[in-house]
Amino acid sequence: MTDQYAVIGNPIAFSKSPLIHASFAQATGQEIEYRKIEGPLGRFEETVAAFRAAGGKGLNITAPFKLDAFAYASEHSPAALLAGAANAIKFDGERVLAENFDGVGLVRDVVHNLGHALRGKRVLMLGAGGAARGALLPFLAEQPTELVIANRNVDKAQALARLGASRGQVRGCGYDALVGERFDLVFNATSASLVGELPPVPATVFASAALAYELAYGKGLTPFLRLAQGAGVRQLADGVGMLAEQAAEAFAWWRGVRPDTRAVIGQLAIALV
Ligand code: ATR
């Protein structure tokens with residue numbers, strides 16, 4: 001029987017994961033089946049148990065089940081532990097292994113695909129929720145001069161910064177504290193763009209920035225990217241590369257072969273206009 005994989009979420013209709021993994025499987029000659037599962041709310045465990053019983057080997061997990069997947073797993077990677085959330089699981093007999101590839105996918109996109117080293121740079125991350133949490137350790141592992149986390153709720157930004165304090169130079173603050181500061185790379189890890197809002201970031205943070213990166217994917221030129229563009233930032237990016245790279249990490253973890261992401265990124269990229 002062909003090895004079964006799936007992405008589980010609710011809603012799930014618009015997930016690009018089946019397309020991405022089908023493309024990876026074809027390119028690497030791996031025989032897998034990959035589908036979407038719309039998990040009924042409150043019934044994550046039984047839905048996953050049925051998938052395993054039918055020969056399921058692994059899952060990608062998207063909203064709102066990342067915390068359920070973490071709780072369901074028997075073993076957790078350091079990235080999953082820090083995020084307290086899983087975006088991929090693998091079944092190995094009775095063991096259920098949890099991973100979180102969002103942060104490593106983001107860093108790989110920025111460094112490898114977009115060609116921006118974080119090492120020695122001043123990096124600003126907006127937001128201190130789940131997406132920011134996933135990026136924290138992968139960012140610090142790249143050794144930026146300083147990572148600043150800005151959030152409306154300042155306590156959350158400072159609490160997140162404390163989690164990374166032993167790994168590098170990181171501090172949390174509110175948006176007001178960004179006045180007069182400049183950064184080389186600016187990331188929007190808030191969920192503001194999902195509802196067409198702009199985090200209250202002063203445009204001056206972009207004065208010498210080489211890259212503005214919106215972690216959300218498929219929203220075109222969001223208010224954040226528009227502000228960066230108006231401030232003269234040379235390169236704008238959305239999360240399409242992050243999406244492809246986290247998928248490639250999961251594929252490699254499951255199948256032992258890492259697919260190239262270029263074709264998938266080319267297929268899914270949406271013009272930032
Ligand atoms: P996610 O998993 O997408 O990170 P989350 O954990 O709910 O979602 O976190 C949402 C993040 O976006 C938070 O940092 C939130 O800021 P607060 O903690 O201050 O609420 C941020 N956010 C959402 N809407 C925003 C807006 N309009 N402006 C600025 N920040 C916003």
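In which sense do strand E10 and strand E11 pair, and over how many bridges? Strand E10 (residues 185-188) and strand E11 (residues 211-214) pair in the parallel sense over 4 bridges. Val186 has Ala212 of E11 as its bridge partner. Strands are DSSP runs (E, at least two residues), numbered from the N terminus; two of them pair if DSSP finds at least two bridges between them.

This is a predicted model: local features need pLDDT of at least 70, side-chain atom pairs count only at pLDDT 80 or more, and totals for chains, interfaces and linings use all residues. Residues are numbered from 1 along each chain as its sequence is written, and side-chain values use heavy atoms, with hydrogens and water left out.

**The sheet.** E10 and E11 belong to an open sheet of 6 strands. The order is E9-E8-E7-E10-E11-E12, with parallel pairing. Strand E9 (170-173) and strand E12 (235-237) each have a single partner strand, so one side of each is left without a neighbour in the sheet.

**The ligand.** The ligand is surrounded by 16 residues (a heavy atom within 4 Å). Asn151, Arg152, Asn153, Lys156 and Glu197 are the closest. By class, this shell has 6 nonpolar, 7 polar and 3 charged residues; Ala, Val, Leu, Ile, Met, Phe, Trp, Tyr, Cys and Pro count as nonpolar, Asp, Glu, Lys and Arg as charged, and the others, Gly among them, as polar.

| Residue | Part | Distance |
|---|---|---|
| Lys156 | side chain | 2.7 Å |
| Gly130 | backbone | 2.9 Å |
| Ser191 | backbone | 3.1 Å |

Definitions and conventions:
A polar contact is a pair of N or O atoms within 3.5 Å; within protein, one must be able to donate a hydrogen and the other to accept it, and residues adjacent in sequence count only if both atoms are side-chain atoms.
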